[in-house]
Amino acid sequence: MVLEQNLSLVNKIDRLLRWGHWFTFFNILLALCVTGSYFLADPLPQSVLGWVYLLVTWLGHTAFLCFLFFIITIFPVSLIFPYQRHVRGLAAVLATCGFVALIFDAYVYHSLGYHAGSASYEQTLNLLRQQVVTNLRNFVLITAAVAAVLLSVQLVLSNFCWKKIARLSHSGTGKPALVLFLGCFVLSHLLHIWADASQNDAITRQDNILPLSYPATARTMLARYNLLESSDTAISASGLQQNWLAPDALRQPQVQLSCAAAANTAPLHVLLLPKIAATQQQQLKQLGLRRMETHFAPVAADQALNNLLYADMAPNKLAEQPDWLTQLPQAYLAFDATASWQQQLPWLATSANNYPNNKALLHWHFLDNNTDLAAPLQQAAEGHVLVLELSGQSDKFALGTASFWYRWPQLQQQRISDVTQHLDIVPTLLAELGCFNQQNWSGDNLLQPQSQTKLNIVNNQLYSFRKDKMLLVEEDGSFSVWSAGTAVRLEQRLDLPMLTDALKRLPSQQQ
């Protein structure tokens, strides 16, 4: 009697496991539709090898995810609680939850560029909050409808597999499917090992597209956003990457300004000095100006001018006027520059003559070191004032902190605690003048601060900032994390959401 009961139990478990395998197989086919959408969120491969890897990793990794889900959930339930009706119903509910989670992760990946998880929970919650705030009713209805449809499909699949176990087992589909999925899984890993060793970006740039796949590295992200030169597989004798940046990777579209008929603002005065001495900073403090806590600028003067005057990360010809300057109404601008500045920026000599209007809305004052700032500040008594140090100060990085003082009530009201950059100055000034660029700037309007991670690329080094954290990516793909305020190194892992959000600022991603 006991033997018959044991045989009956074994038969039940055996039938449930065979049912579970076929239930998982059909769910793999269903999951392929969802996982295929991940690849549409990124640029598709440009080579045959890239397409081969995409196909095998899509089939192999999707099958792996579904089988892993079966092993973790349905398999132990079948062993512990071998009652077919309960197991089949519970498996349908579990599979529905798994698909809802997968679809949600795909939505997050399409929206943010990375997966939902502990490293991106803030961004994921913000995304959910936006959906709930903007249209709660539709969000609830769509979620409930998708879950109901999925549950119905799962119940049908569960019932079909249970009734057709014998027919499915003799169909001759099982072994070929196993060979296909297992072969694709193994081949995808072998291809990735080879590509990782040979630095083949056609394959490695697909890291982390699917959930629970290879973690993306800093170099993977650079390749995915087309920052690497096409000949980047060549390594120099020093072991560093040659031609790290593609020539047009940072090239910003030509500025296209549209200005209001009449600007409604007090005059804006920008005082620019090569270096602000301690005595001058004390003078600025006594005169009631406030200092921006953490302001960054390139250490090299020419790169700092490029960030400040051209609002661009890509190199520009300093001998030529910025595009935005030529598009402003002449009555808006006034320049005064010392001889040393005119020598460094030849167009200043003509600009000072062409824009001498003392009643202009935007005054640029190019001053020398140790200039007494009382006179120009007195001249700007009725307007808003920005006092900037040209170059950043740093012994470690190509980007360093620079003094930034201001007297501007609206700017003070923002209570900015995040990092600011030279890239933010021109967008802020032009927005205040009522002039808006039809193309996106690399920097921000400080009067309307954004929470998006900031980006700058100097000397083949990528810098991204979020609050006090600075992520530095070197030209060989290595990275380090620092405190932006204290320049102290932090022992932290690569913050993939932070890097992804920063790379979204690239001109190529905003067009």
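Ile72 has its place in helix α2, residues 48-80. The model discussed here is predicted.

Student: Is Ile72 buried or exposed?
Tutor: The cut-off for an exposed residue is a relative accessible area over 50%. Ile72 has a relative accessible area of 58%. Ile72 also contributes to a nonpolar surface patch of about 560 Å², together with Phe64, Phe67, Leu68, Ile71 and Leu212. By its relative accessible area, Ile72 is therefore exposed.

Student: Which strands stand at the edges of the open sheet?
Tutor: The open sheet has six strands in the order β3-β9-β7-β2-β6-β5, with mixed pairing. Two of these strands each have a single partner, so one side of each lacks a neighbour in the sheet. The edge strands are β3 (290-291) and β5 (333-337).

Student: In β6, which residue is the bridge partner of Ala337?
Tutor: Strands β5 and β6 (residues 362-366) run parallel and are joined by five bridges. In β6, the residue that partners Ala337 is Phe366.

Student: At about what angle does helix α9 run to β9?
Tutor: Helix α9 comprises residues 278-286. The helix lies across β2 (268-273), β3, β7 (384-389) and β9 (404-407). Its angle to β9 is about 20°.

Student: Is Leu388 buried or exposed?
Tutor: Leu388 belongs to strand β7. Beyond its neighbours within four places in sequence, its contacts include Val270, Leu272, Ile276, Leu308, Phe404 and Ile425. With a relative accessible area of 0%, Leu388 is buried.

Student: How many residues apart are Glu389 and Lys275, which form a salt bridge?
Tutor: The closest N and O atoms of Glu389 and Lys275 are 4.0 Å apart. Glu389 lies in strand β7, whereas Lys275 lies in the loop between β2 and α9, a separation of 114 residues.

Student: Where is Asp495, the salt-bridge partner of Lys469?
Tutor: The side chains of Asp495 and Lys469 meet at 3.1 Å, N to O. Lys469 is in strand β14 (residues 469-473), and the pair ties together parts 26 residues apart in sequence. Asp495 counts as buried, at 14% relative accessibility. Its place is the loop between β16 (489-490) and α17 (496-503).

Student: Which residues are linked in a network of salt bridges?
Tutor: The side chains of Asp444 and Lys454 meet in a salt bridge of 2.9 Å, N to O. Asp444 lies in the loop between β11 (435-437) and β12 (454-458), and Lys454 lies in strand β12. Both Asp444 and Lys454 are buried. The network links Asp424, Asp444, Lys454 and Arg505.

Key:
Residues are numbered from 1 along each chain as its sequence is written. This is a predicted model: local features need pLDDT of at least 70, side-chain atom pairs count only at pLDDT 80 or more; totals for chains, interfaces and linings use all residues. Side-chain values use heavy atoms; hydrogens and water are left out. Patches are made of residues with over 30% relative accessible area and no salt bridge: like charges are joined within 9 Å, nonpolar side chains (Val, Leu, Ile, Met, Phe, Trp, Tyr) within 5 Å. Accessible areas come from the Shrake-Rupley method with a 1.4 Å probe; for residues, only the protein chains shown count as cover. Helices (H or I, at least four residues) and strands (E, at least two) are DSSP runs, numbered from the N terminus. Buried means under 20% relative accessible area, exposed over 50%, partly exposed in between (1.4 Å probe, protein chains only). Two strands pair if DSSP finds at least two bridges between them. Contact means heavy atoms within 4.5 Å. Axes are lines fitted to C-alpha atoms, for helices over the stretch in contact, and angles run from 0 to 180 degrees between N-to-C directions.
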